[in-house]
Every structure is written in structure tokens, then in C-alpha cells.
Amino acid sequence: MKIAIIGTGNLGASIAKGLITANAITSLYLTKRTIENMQDFDGYKDVVLTTDNIEAVKHSDILIFAVQPRHFENILQQIKPILTEKHVLISTITGYSIDNMEAIVGKEQFLIRAMPNTAIAVGKSMTCICSNELGKKRLKIAEAIFNRLGTTISIPETQMQAATVVCASGIAFWMRLIRATTQAAIQLGFDAKEAQQLAMYTCEGAANLLITSGNHPEQEIDRVTTPRGCTIEGLNEMEHKGLSSSLIQGMVSSFNKINTIKTEQL
């Protein structure tokens with residue numbers, strides 16, 4: 001696949017690393033206003049670093065946009081004259097609707113929104129995608145790309161803001177929970193490196209149990225808890241202190257913030 005990533009910041013670089021690792025490219029153009037800090041990609045076969053979005057678009061069929069929302073409209077206006085019927089436009093920009101994209105480049109383009117997370121760099125992203133009417137014909141292409149980099153779900157565009165909280169912001173939420181587990185392990189007597197290993201791989205194991213079994217979390221909790229045991233004692237204390245409610249309230253607050261981001265950035 002001939003792919004261009006327009007805006008190789010943190011997310012764009014993560015996508016690029018994932019694509020390179022998965023051998024998913026025929027060519028890969030990476031654009032940024034300054035390319036000095038993209039030297040990690042120097043030397044890779046078929047990877048081109050450039051500050052020229054026009055060059056990247058002309059040499060690519062699939063365009064993945066990972067720029068800041070305030071820059072997206074200008075970039076679409078810039079590349080509009082050279083778009084062809086072969087181009088598939090995939091936006092990862094939070095809060096920028098398909099209607100807004102169509103208003104600039106037209107309904108005759110294949111338009112897709114994708115919401116991956118930074119775990120895409122290690123092939124473990126949970127990516128949600130949606131499209132305009134024409135873009136439905138190219139959803140399989142987006143799925144093929146992002147399934148190489150994790151797992152993909154197609155959802156209505158009305159759920160994309162919520163998906164951002166659950167999947168993209170969710171990485172940070174899970175990191176904080178892993179950090180807290182690490183801190184607890186240190187307090188219980190493990191050194192910092194051991195504590196983080198215990199936290200990381202226990203978290204990975206819990207997720208894989210659910211993925212493999214298809215069980216509800218409470219089913220797996222029931223396997224661990226025993227009457228008057230230490231696990232239920234700990235769980236109940238966490239709930240008394242508001243673990244679940246704090247997490248839910250935090251995610252709802254994050255969702256509410258998304259709805260104000262675009263207004264604040266304009």
C-alpha cells in the first residue's frame with residue numbers, strides 16, 4: 001500500500017512504527033513542518049521524510065491525517081486540487097466530523113474517520129472507524145491497515161467522541177491504574193522494577209483472560225474471590241473509596257471536555 005501520514009507527531013509516529021513493523025507498506029511518506037526530530041525513521045526502505053504535503057499526496061493512495069484540529073482545514077484546502085478518485089482519506093483528528101471534511105473536499109471522496117490509540121506502535125491498538133457513504137466502499141482498506149496494528153471496530157460516527165475517551169484517552173487511564181498498582185507493590189516490599197513488572201503483566205493477563213474466554217469481568221473476579229478472603233476485602237475497600245465511580249466520572253468528564261475542544265482551539 002502507498003500510504004502517507006500527514007502530521008507525524010506522537011500519534012502519526014506511532015502509526016508509522018506500526019505500519020513499518022507490520023510490513024504493511026509499499027511506500028510510506030511521513031510529513032511534518034520540521035523533520036529534524038524524525039530521524040528515527042531515517043534508513044528505512046521505502047520511507048520518505050518530507051515537509052511537503054503535496055509531494056506526499058501525489059505519491060500515495062491512502063492519506064492518514066494526524067495533525068492538530070486547528071491545522072486540518074488548511075491542509076485539506078491545500079491538497080484538494082490534487083485529490084483524485086483513487087485517494088482514500090483517513091482522519092484521526094478528534095472532533096472533526098465527516099460533514100466538515102465533505103464541505104471542503106466534497107462527497108465524491110472516500111472519507112474515513114479512525115480513532116486509534118498509541119498502542120498502535122506495538123500492534124495493540126483498539127481502533128474505531130466510521131465513514132461517509134462513499135467511504136463505506138473502502139472501509140475494508142482501513143480495517144486491513146488497522147487490523148495489522150491491533151483490533152478494529154466499525155461504529156456510527158455519533159459514537160466517535162465516546163470511543164476517543166474509552167480507547168484513546170483510555171490508554172492514559174490504564175497507565176495510571178498500572179502506576180498505582182506499581183506504587184502499592186513497592187509499599188508491599190518489591191523494588192520498583194519488579195513492582196512494575198508485576199503490575200504490567202498482571203494487567204495484560206487480566207485483559208487476555210477476557211479476550212480469550214469472552215467472559216464478563218465479574219465472572220473472572222468470582223474465580224479469584226473467596227469468602228472472607230483477602231481479594232474481596234481489597235475490592236470492597238477500593239469500592240468504598242470510590243474506585244469504580246471515580247473512573248466512570250473521570251471518563252464522563254473527559255467526554256464532556258471533547259465537546260468543547262474544537263471551540264476552544266478556534
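A: Happy to. Leaving aside neighbours within four places in sequence, Ile35 is in contact with Leu49, Thr50 and Thr51. Bear in mind that this is a predicted model.

Q: Where does Ile35 sit in the fold?
A: Ile35 is in the loop between strand S2 (27-31) and strand S3 (47-50).

Q: What separates the C-alpha atoms of Ile35 and Thr8?
A: A distance of 8.9 Å, with the two residues 27 apart along the chain.

Q: Let's move to the sheet. How many strands form it, and in what order?
A: There are 8 strands in an open sheet, ordered S3-S2-S1-S4-S5-S6-S7-S8, with mixed pairing. S3 and strand S8 (150-154) are at the edges with a single partner strand each, so one side of each has no neighbour in the sheet. On average, neighbouring strands are turned by 20° against each other, direction ignored.

Q: How do S1 and S2 run, and how many bridges join them?
A: They run parallel, and 5 bridges join strand S1 (residues 2-6) to S2. Within these strands, Lys2 stands opposite Ser27 in S2.

Q: Which strands does H3 lie across?
A: H3 lies across S1, strand S4 (62-65) and strand S5 (88-91), and runs at about 160° to S4.

Q: What about helix H5, which strands does it lie across?
A: Helix H5 (residues 139-147) lies across S1, S4, S5, strand S6 (110-115), strand S7 (125-131) and S8, running at about 155° to S8.

Q: New topic: the second largest pocket. How much space lies in it?
A: About 830 Å³. Its lining has 31 residues, and Gly7, Ala66, Val67, Gln68 and Pro69 lie nearest its centre.

Q: What's the lining like by class?
A: The second largest pocket is lined by 13 nonpolar, 16 polar and 2 charged residues.

Q: Which helices each supply at least two residues of that lining?
A: Helix H1 (10-21), helix H3 (69-79), helix H6 (160-187) and helix H10 (243-265).

Q: Last one, backbone angles. What is the phi of Asn23?
A: Asn23 has a positive phi of about 50° although it is not a glycine. Asn23 lies in the loop between H1 and S2, and counts as exposed at 64% relative accessibility.

Q: And Arg228, what is its phi?
A: Arg228 has a positive phi of about 60°, and is not a glycine. Arg228 is in the loop between helix H8 (217-224) and helix H9 (230-240), and is exposed, with a relative accessible area of 87%.

Technical notes:
Residues are numbered from 1 along each chain as its sequence is written. This is a predicted model: local features need pLDDT of at least 70, side-chain atom pairs count only at pLDDT 80 or more; totals for chains, interfaces and linings use all residues. Side-chain values use heavy atoms; hydrogens and water are left out. On a 1 Å grid over the protein atoms alone, a cavity is a set of points where a 1.4 Å probe fits but cannot get out, and a pocket is an open set with protein on both sides within 12 Å along at least five of seven lines; lining residues have an atom within 4 Å of a point. Grid points are joined across faces, edges and corners, and a volume is the space filled by probe spheres set on the points. Helices (H or I, at least four residues) and strands (E, at least two) are DSSP runs, numbered from the N terminus. Ala, Val, Leu, Ile, Met, Phe, Trp, Tyr, Cys and Pro count as nonpolar, Asp, Glu, Lys and Arg as charged, and the others, Gly among them, as polar. Contact means heavy atoms within 4.5 Å. Two strands pair if DSSP finds at least two bridges between them. Axes are lines fitted to C-alpha atoms, for helices over the stretch in contact, and angles run from 0 to 180 degrees between N-to-C directions. Buried means under 20% relative accessible area, exposed over 50%, partly exposed in between (1.4 Å probe, protein chains only).
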